[in-house]
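Here is a short report on one protein chain. Keep the structure in view while you read, and find each part as it is named.

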Amino acid sequence: MRTQVGIVGAGPAGLLLSHLLARQGIDSVVLECRSRAYVEQRVRAGVLEHPTVELLRETGLAARLDQQGLAHEGISLRFDGGDHRIDFADLVGRGIVVYGQQEVVKDLIAARLADGADIRFDVSDVALDGITDAPVIGFVDADGKRRELACDVIAGCDGFHGISRAAVPHTVHDRQYPFAWLGILAKAAPTHHELVYANHERGFSLYSMRSPEVTRLYLQVPPDTDAADWSEAQIWDELAVRLAAEGFVLNEGPLIEKGVTGMRSFVAEPMRHGRLFLAGDAAHIVPPTGAKGMNLAIADVRVLADALAEFLRDHDESGIDSYSRTCLRRVWRAEHFSWWMTSMLHNVDAADTDSFTRQLQLSQLRYTVSSRAAATSLAENYVGLPHQAAL
Ligand code: APR
Ligand code: PHB
């Protein structure tokens, strides 16, 4: 088998890269170790920043997004018993769209298959070879046959637990947090039209949604928490305490999903070795408080698709040479923003709520909601700095 770009992983990064390359006349094959049903149902975050929505629209991927996505023009920060709205529309004239990541994945798979793309699910034993000059991806196909895919370049879009990162000699920047998120999806109509980020002395809580029928909620929990240890009643009680505000009512409903998400900041530099390019979670992780994970993956592959097209079509290496440097500027902006939101909103010192750290958090929150300059900084990062911005 032969293709121009061998793509490992059918998450948002790998699938969108394949789509963007096809639009520039470049062939690719996508290899995914999970089943199609698995990747289409995996529950992840759901905030699309403005530049992501624009890119999906410009490249013909937004038909369902425009029908079903929920456009939001702000978020609330809740602390000290008060609710404070950050008005994105007023501050930066742009907003976000709430649309589940697995919906983006479904739309991408449908678009690629309609275009006759070669996406192989359920492959195993993926191995990368010849990275510095003549790349070959070995794998076992869904039919059990061992195959080799020769390609001009490899895109490692195989997420944080994939195999590609190990093939790039890199330096790691890593920060782990002493808490995790217990997340639920509930069949309950959202009672509030925007996301609420709540700093409470019992721990952080986030109010989000997926549709007019489904609410998405999170609680800060200790990192070793087993989701099974929390009963439905306990979860609703804790959410009610942490999200409490005047006039706020929480609709309860049966749980559709329950799980624990770890919190981590991680960057592997550089994102390229020879003819292997890392994109998305394969190269970097952000804690979900900034809602940046999928948006960063999408920004990476936009840069990569253009760089690879110039290289493969025009033999121009300038884009592939600057790929890692260009992406890492945006990655570090998102790393800072995600770390900042996480630090401001979580209970980082459960033992002592009058601590120095707690007072700094409250001061930062009060400043963020009362100063137009500070609120604008949050807003422009949250809705997403333009892909062309000098960062
Ligand atoms: N071979 C083939 N596929 C692999 C392998 C492998 N050895 N290892 C992992 N994969 C697949 C995973 O099953 C997954 O479908 O690679 C895909 C990686 O997709 P994501 O984890 O979704 O990563 P990415 O496309 O970079 O998207 C980043 O996803 O993790 C979330 O919240 C994060 O929103 C962010 C986004
Ligand atoms: C979600 O809806 O799942 C969500 C929203 C915002 C975040 C993280 C997750 O910051």
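Three strands form an open sheet in the order S3-S7-S4, and their pairing is antiparallel. Strand S3 (47-48) and strand S4 (70-72) stand at the edges, each with a single partner strand, so one side of each has no neighbour in the sheet. This is a predicted model. Two bridges link S3 to strand S7 (residues 96-98), in the antiparallel sense. Leu 48 has Val 97 in S7 as its bridge partner. What holds such strands together? Strands of a sheet pair through backbone hydrogen bonds, either parallel or antiparallel.

**The whole chain**

Now step back. The protein chain has 11 helices and 21 strands. Its radius of gyration is 21 Å, close to the 21 Å that the globule rule gives for 391 residues, so the chain is as compact as a globular protein of that length. Along the principal axes, the C-alpha trace spans about 60 × 40 × 40 Å. Of the 391 residues, 55% count as buried. Take the contacts between residues at least 6 apart in sequence: 72% of them join residues at least 24 apart. The accessible surface comes to about 16300 Å², and 48% of that belongs to carbon and sulfur atoms. The chain carries 38 positive and 52 negative charges, and the mean positions of the two sets are 2 Å apart.

**Two buried strands**

Is strand S13 (residues 180-186) buried or exposed? In S13, 7 of the 7 residues are buried, so the strand is largely enclosed by the rest of the structure. Look at its two sides. Ala 180, Leu 182, Ile 184 and Ala 186 point one way, while Trp 181, Gly 183 and Leu 185 point the other way. S13 has antiparallel partners. Strand S16 (residues 214-221) is joined to S13 by 7 bridges, and there Ile 184 has Leu 217 as its bridge partner. Strand S17 (residues 255-261) pairs with S13 over 6 bridges, with Gly 183 opposite Gly 259.

Strand S5 (residues 74-79) is mostly covered too: 6 of its 6 residues are buried. On one side are Gly 74, Ser 76 and Arg 78. On the other are Ile 75, Leu 77 and Phe 79. S5 pairs with strand S6 (residues 82-87) in the antiparallel sense, and Gly 74 has Asp 87 in S6 as its bridge partner. With strand S14 (residues 195-198), S5 pairs in the parallel sense. There Leu 77 stands opposite Tyr 197.

The table collects these pairings.

| Strands | Sense | Bridges |
|---|---|---|
| S13 and S16 | antiparallel | 7 bridges |
| S13 and S17 | antiparallel | 6 bridges |
| S5 and S6 | antiparallel | 6 bridges |
| S5 and S14 | parallel | 4 bridges |

**Backbone details**

S5 and S6 form a hairpin with 2 residues between the strands. Asp 80 sits in the loop between S5 and S6. Its relative accessible area is 58%, so Asp 80 is exposed.

Asp 125 also has a positive phi, of about 50°, although it is not a glycine. Asp 125 belongs to strand S9 (residues 124-129). Asp 125 is exposed, with a relative accessible area of 54%.

Next comes a cis peptide bond. The bond from Glu 269 to Pro 270 is cis, with omega near -5°. Pro 270 lies in the loop between strand S18 (264-269) and strand S19 (272-273).

**Two residues and their contacts**

Ser 324 is placed in helix H9 (residues 318-345). Its relative accessibility is 10%, so Ser 324 counts as buried. Leaving out residues up to four places away in sequence, Ser 324 touches Pro 270, Met 271 and Arg 272. Ser 324 and Pro 270 are 54 residues apart along the chain, yet their C-alpha atoms are separated by 5.8 Å.

Asp 152 is placed in strand S11 (residues 146-156). Leaving out residues up to four places away in sequence, Asp 152 touches several residues, among them Arg 2, Thr 3 and Arg 275. Asp 152 and Asp 66 are 86 residues apart in sequence, and 36 Å apart in space, C-alpha to C-alpha.

Conventions. Residues numbered from 1 in each chain as written. Chains lettered and ligands numbered in written order. Predicted model: local features only at pLDDT ≥ 70, side-chain atom pairs only at ≥ 80, totals over all residues. Heavy atoms only, no water. Rg over C-alpha atoms; globule rule 2.2 N^0.38 Å. Buried < 20%, exposed > 50% of the residue type's maximum accessible area, 1.4 Å probe, protein only. Contact = heavy atoms within 4.5 Å. Areas by Shrake-Rupley, 256 points an atom, 1.4 Å probe, with all protein chains shown as cover. Lys, Arg positive; Asp, Glu negative; His and termini not counted. Charge placed at Lys NZ, Arg CZ, Asp CG, Glu CD. Pairing = 2+ DSSP bridges.
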